[in-house]
Amino acid sequence: MCSVGSLGSTGSLEDESREERFLIVSESSSSDKLSSSSLNSLEDVQEAIAGVKKTILETEVNSDQRKAIVHKLIQLRIKEQDLENRKYYQSPGEVETRRHNLVPVLQKLPARSYCDECGSAVWPLLQTIYECKTCTHIVHVQCLDRLSRKCVGAWLHPLEEDDSTVFNGTILHTICPEISLVEQNYRCAECGIKLHPNSGHRLCDYLGEWFCPACHWGYTSPIPARILHNWDFTPMMVSQAAYQYLGMMRKKPMIDLEKIGSSLTIVAVELSSVVRQRRTVLEMKSYLTLCREAISMKLLRKLEERQHFVDSEFIYTFQDLIDIHSGLLGTWLSQILESWQDHILNCILCRAKGFVCELCTEKEELLFPFTLGTETCPDCSAVFHRECYRQAEVCPRCERKKERNLSKLTTSSQ
């Protein structure tokens, strides 16, 4: 009886210890200790993998516990492979911490800069300075140990876990409501320091949250949401993290005006002009991509810095909207479209793809989709004079296609 009882107690103790070990791993898997984003060295990741593998063998087959731990093992394996690959791509002297990829600054910075941790000036020629390759975060070498701000470009590394809900590779399209200090528990939204009436805290207009002076230096930037809703380019104060994020996202094509701000063209004259130019870009592109002369002259390469202009009509970047408001983008596009039009009108290959209006007697005028006063059939893409097309009941080219298809069906049936 005693031996049986001792075996039973031993089995229960083993079950309890196994369950306790699983609970420890499950809790730590969601904590920073076992999180793949907090394990920065290859040795730490390999040690975590060994611990998780041992725990998997002690759980029941096909249980939810085993599935959760296997998922964690997969993440750690990906992290291990990523760390092994980084050894071959890292720059000399590169330091990785808090998801930053910091490299030494070996040349003079274009403007006077300050350390994003201590706030004092940086002198690259006299001091050892590090700058993040992703978010341009600048720190002194002595400030690396107390680096607090996580890289706002961490979303660019999909193999990493990212708990950020704001800096996730998208731009907020709604004006953030101001969050009261009570809702923030009188603490800084970034570092968590206690805020009081005389602490000098500032509001970030992009996030709608309050920050301490160390996390909010009073830098200003136009807010995308205010531009999309009110066409308002007034610079507003934003936190340091938001300032870095908006700077990093400034030239990324993330704004779809067709879905977000389609009514803006009614109130913004300069925007409606650029919208017409963007439509003309796509119309001319269909000619330039088929012309070997245009390809040899690399005419489409003139839009290389704004590649999204030849891919879609409605996609814009944050910088595009700013340049539209200042008038720079409209002038730049006008010069490019003028050179493209000169080529198409004088190139034999491009002129061969032109149209004549079949609805009037003026057969000598060559028409293109971008010619002023013309209308393009949405079904067959034929080009007509706008007045002629609107007076016509049907498109003659579409009618010919219908008759041709009908005759083919009749012939095949016989």
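Modeller: R306 lies over the face of W332, at 5.1 Å from the ring centre; a charge sits over a ring if NZ of Lys or CZ of Arg is within 6 Å of the ring centre and within 35 degrees of the ring normal. Likewise, the charged end of R278 is placed over the ring of Y316, 4.5 Å from its centre. The model is predicted, with local features needing pLDDT of at least 70 and side-chain atom pairs counting only at pLDDT 80 or more, while totals for chains, interfaces and linings use all residues. Residues are numbered from 1 along each chain as its sequence is written, and side-chain values use heavy atoms, leaving out hydrogens and water.

Turning to ring pairs, a search of the whole structure gives 8 aromatic pairs (rings of Phe, Tyr and Trp, the last by its six-membered ring, with centres within 6.5 Å; planes under 30 degrees apart are stacked, over 60 edge-to-face, the rest tilted). Y219 and Y243 are an edge-to-face pair, because their ring centres are 5.0 Å apart and their planes stand at 70°. This pair links distant parts of the chain, 24 residues apart: Y219 belongs to the loop between β6 (210-211) and β7 (220-221), and Y243 to helix α5 (residues 240-249) (helices are DSSP runs of H or I with at least four residues, strands runs of E with at least two, numbered from the N terminus). Y219 is partly exposed at 30% relative accessible area, as is Y243 at 35% (buried is under 20%, exposed over 50%, partly exposed in between, with a 1.4 Å probe and protein chains only). By contrast, F368 and F370 form a stacked pair, 5.3 Å centre to centre with 10° between the planes, and both are buried.
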